Amino acid sequence: MTNKKRKSSIGEILASVSPKEAKRIENRMLIASKIDEAMKTKSWKKKDLMHAVGKTNPSEITRWLSGTHNFTIDTLTDLCFVLGVDLLNLEERQEPVIHRYNFTVSVTSKIKSNCYENTMANSQLYFEKTATLSN
Amino acid sequence: MKCELTKIEELSGKRASVYSVLIEDYEQTLFDIFIEENKRLHLSEIQDIVQRLKTIGTKTGAREQFFKLHEGNPGDGVCALFDLPEKNLRLYCIRYSTQIIILGGGGIKFVRALQNNSKLTKENYLLRELSKQITERIKEKDIRFTIDGNDFEGDFVFDL
């Protein structure tokens, strides 16, 4: 099946979206992501945010987080205020990438005169290396 | 019915890999068929959905908040892309963390209960079955996540 030629109009649809509309959609989703990140930092649930901004309907918060909401400047200002983040700056953050390596080290001593033999099996060393992902 | 997971390169990026399902003897994936079925009457919604998926793949990842969760069996990851306010075009997916999504089909949601809409029911149950089989493959290590978690590798052909 893998060699089958796929017929798709995704490229055509993407090309038909104006750059302005594409940016609007992207910004709505980036703002929603930033709100969610800020909530996680504060260990807030949707209800906490709802109370903080004086709302009574939890579905409104769900919609804000869905990436489809067209925020007003006033709502964004309120959110910046209660969450302590700048939601108006949508510069992409360079997130660190963490690489974890798992080594098994086995050591056998060859000194036999004093029957000294050590085996260090299954010692696991963990190294963490932090690098920055470049675009 | 034989089918295969196919990566949609147009939508995938550094944040998430986007797949759909290519059924034997068809030239289009379930997602391509969804577009074809709806682009004439709901072009703006289709444009919005495709652009959102592109943003998921390249900028944000498939964050839980962008989906309506629990649209399948418990724990099977079947969900729907969040519906636009006042709109009823629904797209079903299977979500594996923020890094992998599999797009299925969908349609217009006229009624609240899924069971009353045969088209949506069919699309939804197909993904439930696919998810079940993928879970088995992952357990048997016939499908594995790549080291960075951003992709699948293994045997992508299924019999649904």
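Hi everyone, let me start with Ser17(B): setting aside neighbours within four places in sequence, Ser17(B) is in contact with Lys7(B), Ser12(B), Gln99(B), Ile100(B), Asn150(B) and Asp151(B), contact being C-beta atoms, placed from the backbone, within 7 Å. This is a predicted model, where local features need pLDDT of at least 70, side-chain atom pairs count only at pLDDT 80 or more, and totals for chains, interfaces and linings use all residues. Residues are numbered from 1 along each chain as its sequence is written, with chains lettered from A and ligands numbered from 1 in the order in which they are written.

Back to our serine. Ser17(B) sits in strand E2 of chain B, residues 17-23, strands being DSSP runs of at least two residues (E) and helices of at least four (H or I), numbered from the N terminus. Is Ser17(B) buried or exposed? Ser17(B) has 23 other C-beta atoms within 10 Å, so Ser17(B) is buried (20 or more is buried, 12 or fewer exposed, in between partly exposed). Ser17(B) also lies 6.1 Å from Gly57(B), C-alpha to C-alpha, though 40 residues separate them in sequence.

Now to the helices. H2(A), residues 19-41, packs on H2(B), residues 43-60, at about 55 degrees, with axes 9 Å apart; axes are fitted to C-alpha atoms over the stretch in contact, and angles run from 0 to 180 degrees between N-to-C directions. H2(A) and H2(B) are therefore oblique (under 35 degrees is roughly parallel, over 145 roughly antiparallel, 65 to 115 roughly perpendicular, the rest oblique).

Finally, confidence: the model scores ipTM 0.91 and pTM 0.82. Thanks, all!

Terms used
Two residues are in contact if their C-beta atoms, placed from the backbone, lie within 7 Å.
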